[in-house]
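Dear colleague,

Please find below the sequence and structure that I am handing over to you. My findings follow directly after.

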Amino acid sequence: MFTIVVAVAAGANHSLALRADGTVVGWGWNGYGQTTISASATNVVAIAACYYHSLALRADGTVAAWGANPYGQTNVPPEACDVVAIAAGSGHSLALQRNGSVVGQLLVRGVPAGLVHQVDK
């Protein structure tokens, strides 16, 4: 039996695959839990990965995050709703909302005013 994969993402030493059924599979080095898929990662439509954390965008526009969290990169702020795209950086995560605004955590610096709402840990 074959599994249909619709997206892949790569971190420093781990990888993720998004299956057509909305589930996520992770493999590789798991020192920070970045390949142990969060139980909240269901009905997933997009994935992102970086050094030691992983993200999943659910069909309802919410985000699941797991793995290393020294900079708050897996703390999903309550205002991260109606999300249409996600990205993972080395010490931060970003979420693009349907209204065009961007929600980000901590190490987001030097971004044009009004583009990012920075959330502290």
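The notes below go from the overall fold to individual residues.

**Overall architecture**

Please bear in mind that this is a predicted model. The protein chain contains zero helices and 10 strands, and along the sequence the pattern reads β-β-β-β-β-β-β-β-β-β. Of its 121 residues, 40% are buried. The chain exposes about 6400 Å² of surface, 56% of which is supplied by carbon and sulfur atoms. Among contacts between residues at least 6 apart in sequence, 32% join residues at least 24 apart.

**Strands 5 and 6**

Strand 5 and strand 6 run antiparallel and are joined by five bridges. Within this pairing, S54 stands opposite W66 of strand 6. The hairpin formed by the two strands has four residues between them, and G61 adopts a positive phi near 85° there. Strand 6 is largely enclosed by the rest of the structure, because four of its five residues are buried.

Strand 5 covers residues 53–58 and includes R58. Leaving out residues up to four places away in sequence, R58 touches S40, A41, T42, N43, V44, V45, V63 and A64.

**The salt bridge**

How many salt bridges does the model contain? The count comes to one. As a general point, side chains of opposite charge can pair when their charged atoms come close. In this model D82 forms a salt bridge with R98, and the closest N and O atoms of the pair are 3.1 Å apart. D82 belongs to the loop between strand 6 (63–67) and strand 7 (83–88), and R98 to the loop between strand 8 (93–97) and strand 9 (102–105), so the pair ties together parts that are 16 residues apart in sequence. With a relative accessible area of 39%, D82 is partly exposed. R98, with a relative accessible area of 59%, is exposed.

Most residues other than glycine have a negative phi. N43 is placed in the loop between strand 3 and strand 4. Its relative accessibility of 55% is over 50%, so N43 counts as exposed. N43 is also one of the residues that R58 touches.

**A nonpolar surface patch**

Which residues form a nonpolar patch on the surface? They are W29, Y32, Y51 and Y52, which together have about 440 Å² of accessible area. W29 is located in the loop between strand 3 (24–28) and strand 4 (44–49). Its relative accessibility is 42%, which means that W29 counts as partly exposed.

V6 is part of strand 1, which spans residues 5–10. Is V6 buried or exposed? It is exposed, with a relative accessible area of 54%. Apart from residues up to four places away in sequence, V6 touches L18, R19 and A20. V6 and V45 are 39 residues apart in sequence, and their C-alpha atoms are 9.0 Å apart in space. V45 is also among the residues that R58 touches.

G26 is found in strand 3. Neighbours within four places in sequence aside, G26 is in contact with S15, L16, T35 and I37. G26 and V8 are 18 residues apart in sequence, with a C-alpha to C-alpha distance of 9.8 Å.

**Points to look at**

With kind regards

Notes. Residues are numbered from 1 along each chain as its sequence is written. This is a predicted model: local features need pLDDT of at least 70, side-chain atom pairs count only at pLDDT 80 or more; totals for chains, interfaces and linings use all residues. Side-chain values use heavy atoms; hydrogens and water are left out. Patches are made of residues with over 30% relative accessible area and no salt bridge: like charges are joined within 9 Å, nonpolar side chains (Val, Leu, Ile, Met, Phe, Trp, Tyr) within 5 Å. Accessible areas come from the Shrake-Rupley method with a 1.4 Å probe; for residues, only the protein chains shown count as cover. A salt bridge is a side-chain nitrogen of Lys or Arg within 4 Å of a carboxyl oxygen of Asp or Glu. Buried means under 20% relative accessible area, exposed over 50%, partly exposed in between (1.4 Å probe, protein chains only). Contact means heavy atoms within 4.5 Å. Two strands pair if DSSP finds at least two bridges between them.
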